[in-house]
Amino acid sequence: MNFSELIEQKLLILVPILYIIGIALKKSTVNDKYIPMLLGIFGILLAACYRISLGIPSGWSELAQMIFSAVTQGLLCASASVYANNIYKQMKKDGSESADKSG
């Protein structure tokens, strides 16, 4: 199963957006250990903005569905962004680092 099966089609745009936000946070004074958490928060907020743009919920049930969807979709998008960043870092490494670990 891949992320495109889990993340709604219209919210896939959040993955590169969150990646860019992560790059900006990395260049700022924010401690690296907080970046994944901040990306999760940004992802939830952006997914919530999308949900609200679809219409204001008319009852508690719709509100709960909107919140659940925003949280899960936002976290999935943030996770995909962090995952993409880790893949990029691994691909950038040269072969000497992996040889050092095996020996």
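Helices α2 (14-27) and α4 (residues 60-92) pack at an angle of about 60°, with their axes 8 Å apart. The model is predicted: local features need pLDDT of at least 70, side-chain atom pairs count only at pLDDT 80 or more, and totals for chains, interfaces and linings use all residues. Residues are numbered from 1 along each chain as its sequence is written, and side-chain values use heavy atoms, leaving out hydrogens and water.

Helices are DSSP runs (H or I, at least four residues) numbered from the N terminus. Axes are lines fitted to C-alpha atoms over the stretch in contact, and angles run from 0 to 180 degrees between N-to-C directions. Angles under 35 degrees count as roughly parallel, over 145 as roughly antiparallel, 65 to 115 as roughly perpendicular and the rest as oblique.

α2 and α4 are therefore oblique to each other. Contact means heavy atoms within 4.5 Å, and on the α2 side it involves Leu14, Val15, Leu18 and Tyr19. Their partners in α4 include Gly74, Cys77, Ala78 and Tyr88. By class, this contact has 9 nonpolar, 3 polar and no charged residues; Ala, Val, Leu, Ile, Met, Phe, Trp, Tyr, Cys and Pro count as nonpolar, Asp, Glu, Lys and Arg as charged, and the others, Gly among them, as polar.

| Pair | Angle | Axis distance |
|---|---|---|
| α2 and α4 | about 60° | 8 Å |
| α3 and α4 | about 135° | 7 Å |
| α2 and α3 | about 140° | 10 Å |

For α3 (residues 35-53) and α4, the angle is about 135°. That makes α3 oblique to α4, and their crossing is right-handed. On the α3 side, the meeting residues include Pro36, Leu39, Gly43 and Arg51, while those in α4 include Met66, Ser69, Leu75 and Val82. The residues of this contact divide into 12 nonpolar, 6 polar and 1 charged.

Turning to α2 and α3, they pack at about 140°. That makes α2 oblique to α3, again with a right-handed crossing. Among the residues in contact are Ile17, Ile21 and Leu25 of α2 and Leu38, Phe42 and Leu46 of α3. By class, there are 11 nonpolar, 2 polar and 1 charged residues.

There is also open space to look at. The largest pocket has a volume of about 380 Å³, the space filled by probe spheres set on grid points joined across faces, edges and corners. A pocket is an open set of points on a 1 Å grid over the protein atoms alone where a 1.4 Å probe fits, with protein on both sides within 12 Å along at least five of seven lines; lining residues have an atom within 4 Å of a point. Of the 16 lining residues, the closest to the pocket's centre are Gly22, Lys26, Ile35, Asn85 and Lys89. α2, α3 and α4 each supply at least two residues of the lining, and α4 gives the most, with 7 residues. By class, the lining has 7 nonpolar, 4 polar and 5 charged residues.

Conventions:
A crossing is left-handed if the near helix is turned anticlockwise from the far one by less than a right angle, and right-handed if clockwise.
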